[in-house]
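Today I am looking up how two parts of one chain meet.

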Amino acid sequence: MRLSQMLLVTLRDDPAEAEIPSHKLLIRAGYIRRIGSGLYAYLPLMLRVLNKVSKIVREEMDATGAQECLLPQLQPADLWRESGRWDTYTQAEGIMFSLIDRQNRELGLGPTHEEVITTVAKDMIRSYRQLPLHLYQLQTKFRDEIRPRFGLMRGREFIMKDGYSFHADQESLKKTYQDMDKAYRNMLRRSGLEFRAVDADSGAIGGSGSQEFMVLADAGEDEILYTEDGKYAANLEKAVSIPPDAEISPFESYEKLETPGTETIEKLCKFLKCSPTNIVKNVLYQSVYDNGMTVLVLVNIRGDQDVNDVKLLNELTKLAGNYEAKTVLALTVPDVEAQKKWATKSLPLGYIAPDLSDDYITSSKEVSSQFLRMVDQTVVSLTNFATGSNESGYHVMGANWGQEFTLPKLVVDLRKAEKGDRSIHDPSQTLETARGIEVGHIFQLGTKYSEAMGATYTNEQGEEKPLVMGCYGVGVSRLAQSAVEQSYDKDGIIWPVAIAPYHVVICIPNIKDAQQMEVAESLYKELNEAGIETILDDRDERAGVKFKDADLIGIPYRIVTGRSLKSGKVELVERATHQSQEILVEEVLSTLKDLIEKALT
């Protein structure tokens with residue numbers, strides 16, 4: 001391709017709407033253009049990158065025996081109601097675009113395709129002889145993001161590979177899950193990315209276990225906790241650890257003490273001259289289930305720890321059946337306005353005790369009459385601790401479970417793991433932290449969808465059993481941008497060779513120089529014929545402009561047909577290092593072949 005014929009407009013200044021380096025660079029270098037909030041046009045250079053990523057993804061998926069298909073983007077609401085996720089996706093998370101057609105039928109634009117693929121399996125899979133089966137697709141997905149940002153990282157329309165496997169048992173599922181773990185690692189390695197695979201929360205997709213693949217980058221939205229021995233890694237939502245040991249309590253006997261102005265842990269510790277590990281903190285939450293039932297949740301946790309909202313949400317989802325519900329639509333810390341709707345009297349905020357009375361809750365069909373009480377594992381073994389008294393301005397100290405307070409029956413891990421915590425697999429290892437961009441996620445779904453939607457098979461004994469399922473996703477457009485976020489400098493993008501739009505750019509400093517043009521044209525033809533993807537900058541621009549654009553666009557290698565032609569040489573510049581060398585014209589092809597082959601292995 002000749003740059004004089006390509007749709008390419010580069011910008012010298014950062015676009016106002018872009019927030020992170022990769023977003024700025026993709027716009028400045030002419031890869032994408034914003035069409036609307038969270039909506040981008042993929043311009044010719046970007047499409048070449050996306051096609052290369054897609055090719056790598058397809059090759060790795062096909063190597064596992066998976067079969068490519070293509071599923072409808074418009075999905076009937078009835079399928080999602082059958083699985084129980086319609087309210088979750090349209091109300092709780094609110095990420096699905098929903099619409100009503102001219103026949104008054106409700107539809108959704110697919111953010112994911114579990115319901116559709118389960119329907120296909122329900123209609124077509126009859127016997128264990130058809131299993132295992134693995135189908136995947138590459139297509140555009142849609143999410144109604146509350147705040148679209150960061151370009152292709154969090155858009156409302158994006159390209160994704162999603163795959164779904166069907167099995168007769170968990171053992172078969174685990175085999176495919178392991179195959180996908182290997183395939184995903186291969187995809188990221190081949191794309192030239194530094195990444196880490198981490199334990200993850202399954203979220204609204206569901207299932208028994210999942211793993212995320214994170215591209216390491218300072219601008220990543222996700223925090224990763226890991227150990228240096230490489231044996232543990234998890235995202236912050238899922239991470240578990242051993243918290244710091246509690247200090248010996250300075251309180252020797254039980255008493256109630258006036259503690260004015262101590263509604264925070266920091267103020268209370270200063271007043272009592274104690275460690276936050278000696279305090280039981282009591283945090284109030286308001287949970288709303290999909291049947292409209294509001295449940296007030298009281299969590300007891302150690303004063304130096306914070307509640308992990310995702311862990312709490314997962315525990316509340318498990319308990320949905322107790323309230324004749326399926327899922328949680330909202331989880332919040334109730335503000336004053338929210339409290340007015342259910343509180344019989346003003347709550348002693350900042351001074352709440354573990355035994356806060358259920359009398360605070362107004363009797364109503366829409367509100368559970370009792371607090372759901374949960375205790376984090378960090379406070380179970382505490383003795384002689386300080387905590388609230390249910391009276392503003394007063395705390396109690398020297399309290400114990402089984403004496404002054406009853407330990408709640410629901411003892412769970414609700415704490416947020418932190419950098420510096422000891423690892424569970426080896427307490428001598430401490431957790432380190434890094435930022436990451438999630439580009440892939442694999443799930444062991446089990447029978448969640450097959451049971452809900454009646455997708456079964458007949459086993460060898462003639463029994464009808466629910467299909468066991470797995471789910472595997474890769475964000476193609478997100479992966480492409482994450483490569484830029486991981487590799488750039490002050491001059492522009494530094495593409496990995498494997499997914500760069502072109503391998504080489506030939507710059508002609510002076511298109512009026514016959515020799516420069518002749519050599520450039522000859523090399524352009526020779527390299528392309530040899531399978532080295534080459535672009536020719538034959539624009540009528542100053543040499544400096546061409547060099548700046550070449551750096552900005554990020555093509556891995558640049559050939560300059562300049563002054564060195566007098567000695568039969570051209571300049572070869574490596575984009576990643578800016579190192580340059582002069583090589584003979586007849587050695588250009590062999591030199592580039594070696595460099596590219598080395599970069600791809």
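Which side chain meets Lys 52 in a salt bridge? I looked it up and found Glu 533, at 2.4 Å from N to O. For my own reference, a salt bridge here is a side-chain nitrogen of Lys or Arg within 4 Å of a carboxyl oxygen of Asp or Glu.

A note on the source: this is a predicted model, where local features need pLDDT of at least 70, side-chain atom pairs count only at pLDDT 80 or more, and totals for chains, interfaces and linings use all residues. Residues are numbered from 1 along each chain as its sequence is written, and side-chain values use heavy atoms, with hydrogens and water left out.

Next I checked the layout. Domain 1 covers 17–68 + 110–240 + 433–484, domain 2 covers 255–416 and domain 3 covers 502–600; the bounds come from an automatic or database domain assignment. Seven residues from domain 1 and five residues from domain 3 make the contact (heavy atoms within 4.5 Å).

Then I looked up the area. Domain 1 and domain 3 bury about 630 Å² between them, with 58% from carbon and sulfur atoms; this is the accessible area (1.4 Å probe) that two parts lose on being put together, summed over both. On the domain 1 side, Leu 45, Arg 48 and Lys 52 supply 56% of the area buried against domain 3, more than any other three residues.

Last entry: I went back to the salt bridges and noted that the rule finds two across the interface of domain 1 and domain 3.
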